[in-house]
Amino acid sequence: MSTRAWPSRRTSRLTRACADRRELAGFAAVGLLAYAADLALFTWLRGPAGLDPLTAKGISFVAGCSVAYAGNALGTYRHARVKGLRAYAVFCAVNLAGAVVQLLCLALSHYGLGLTSQRADTVSGAGVGMALATVLRFWGTRTLVFRTEGRVGSWTG
């Protein structure tokens, strides 16, 4: 009677759980840097620069997206060793989908609900919109851009 099968499965699950936590922590750290770049630029463009909210959000999105790709490619997913423009193109598409979520939140708040203050724009575009878009971006970045061999399905199991 062998007792090795159960411990190895358990060890495998523990190893996978630790790797998943490290991946999530790395993605979150990169995301915080990208969020800070996005938020700072959006706030400046919306305030002192005087741009309209959608233009400001579009510009700040490009800056945040660039920070996120560099951080994920060089940090969180450096082991995935993606090559060529395909990964960057898919990353941009995933982030564009996230940007659409953010812009919809901002447009709904600003134009649909009439909440036109800078604070309301920041909360809807860089708060609520960013939170919803982050979930989409994590899934897309993990499964479509920096996927590793042997991983099937979502990060939840």
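Helix α2 passes helix α4 in a right-handed crossing; a crossing is called right-handed if the near helix is turned clockwise from the far one by less than a right angle, and left-handed if anticlockwise. The structure is a predicted model, in which local features need pLDDT of at least 70 and side-chain atom pairs count only at pLDDT 80 or more, while totals for chains, interfaces and linings use all residues. Residues are numbered from 1 along each chain as its sequence is written, and side-chain values use heavy atoms, with hydrogens and water left out. Helices are DSSP runs (H or I, at least four residues), as strands are (E, at least two), numbered from the N terminus.

Two packed helices are described by the angle between their axes and the distance between the axes. For α2 and α4 the angle is about 35° and the axes are 12 Å apart. Axes are lines fitted to C-alpha atoms, for helices over the stretch in contact, and angles run from 0 to 180 degrees between N-to-C directions. On the α2 side the contact (heavy atoms within 4.5 Å) is made by Pro 53, Lys 57, Phe 61 and Asn 72, and on the α4 side by Asp 121, Gly 125, Ala 126, Arg 137 and Thr 141. These residues divide into three nonpolar, three polar and three charged. Here Ala, Val, Leu, Ile, Met, Phe, Trp, Tyr, Cys and Pro count as nonpolar, Asp, Glu, Lys and Arg as charged, and the others, Gly among them, as polar.

Helix α2 (residues 53-76) also packs against helix α3 (residues 85-112), where the axes come within 10 Å and cross at roughly 145°. This crossing is right-handed. The contact includes Lys 57, Phe 61 and Tyr 69 of α2, and Tyr 88, Phe 91 and Leu 106 of α3. Its residues divide into 14 nonpolar, four polar and one charged.

Lys 57 lies in helix α2. The residue is buried, with a relative accessible area of 2%; buried means under 20% relative accessible area, exposed over 50%, and partly exposed in between (1.4 Å probe, protein chains only). The side chain of Lys 57 makes a polar contact with the side chain of Asp 38 (2.5 Å). A polar contact is a pair of N or O atoms within 3.5 Å; within protein, one must be able to donate a hydrogen and the other to accept it, and residues adjacent in sequence count only if both atoms are side-chain atoms. Arg 142 lies in helix α4 (residues 118-145), and its side chain makes a polar contact with that of Glu 23 (2.8 Å).

Five aromatic pairs are found in the whole structure. Rings of Phe, Tyr and Trp (its six-membered ring) pair if their centres lie within 6.5 Å; planes under 30 degrees apart count as stacked, over 60 as edge-to-face and the rest as tilted. Tyr 69 and Tyr 88 form an edge-to-face pair, at 4.9 Å centre to centre and 85° between the planes. Tyr 69 lies in α2 and Tyr 88 in α3, so this pair ties together parts 19 residues apart in sequence. Tyr 69 is buried at 17%, whereas Tyr 88 is partly exposed at 34%. The ring centres of Tyr 77 and Phe 146 are 5.0 Å apart with planes at 5°, so that pair is stacked. Ring pairs link Tyr 69, Tyr 77, Tyr 88, Phe 91 and Phe 146 into a cluster.
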